[in-house]
Amino acid sequence: MKRIISIISALLISGTATAGTYQAATIRNQVEYPTRVINAFVKACSTTMANELSLEYGIEFATEISEKSCSCIMDEFRADFTLEEFTNGGVKLAQLMSAQYAAYCKSVLSTTSMDL
């Protein structure tokens, strides 16, 4: 899981990801993910990302950016993958989808937030 987070964080920070095709979330996938899975992913992702960004942006701003970005990435996983696919996909799934999700989330957050 830490490796997945590192890959996602690197892609978000570097800004080199290319925009992917966004698919709207299905109700089935949204409901299927237990809150504990969502919280665990967002917490691990945002903690790692905030630590990497804090030297450049300060801890408060880095935490805010990280929480928004990681929540968006989790929403994208929920939209495209069942819980079983997400939990069984591991690093291979992250490598396959992270560039698309990171690019989408970066573009959405930068156009909807005055902070970014």
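Predicted model: local features only at pLDDT ≥ 70, side-chain atom pairs only at ≥ 80, totals over all residues.
The chain is built from five helices and zero strands, so if you walk along the sequence the pattern simply reads α-α-α-α-α.

**The chain overall**

- Take the contacts between residues at least 6 apart in sequence: 78% of them join residues at least 24 apart.

**How H3 and H4 meet**

- Helix H3 takes in residues 35-57, and the axes of H3 and H4 come within 7 Å of each other.
- Those two axes cross at roughly 145 degrees, and the crossing of H3 past H4 is right-handed.
- Sorted by class, the H3 contact with H4 has 16 nonpolar residues, along with six polar and two charged ones.

- Thr63 and Met49 are 14 residues apart in sequence, and their C-alpha atoms are 7.9 Å apart in space.

**Salt bridges**

- How many salt bridges does the count give? The count comes to two.
- One of them joins the side chains of Lys68 and Glu64, at 3.0 Å from N to O. These two residues are four apart in helix H4, so about one helical turn separates them.
- Both ends of that pair are partly exposed: Lys68 has a relative accessible area of 30%, and Glu64 has 29%.
- Another salt bridge links the side chains of Arg78 and Asp75, at 3.1 Å from N to O. Here the spacing is three residues in helix H4, which again means about one helical turn between Arg78 and Asp75.
- The ends of this second pair fall into separate classes. Arg78 has 13% relative accessibility and so counts as buried, since buried means under 20%. Asp75, at 38%, counts as partly exposed.

Technical notes: Residues numbered from 1 in each chain as written. Heavy atoms only, no water. Axes fitted to C-alpha atoms, helices over the stretch in contact; angles between N-to-C directions. Left-handed = near helix turned anticlockwise from the far one by under 90°. Nonpolar A, V, L, I, M, F, W, Y, C, P; charged D, E, K, R; others polar. Contact = heavy atoms within 4.5 Å. Salt bridge = Lys/Arg side-chain N within 4 Å of Asp/Glu carboxyl O. Buried < 20%, exposed > 50% of the residue type's maximum accessible area, 1.4 Å probe, protein only.
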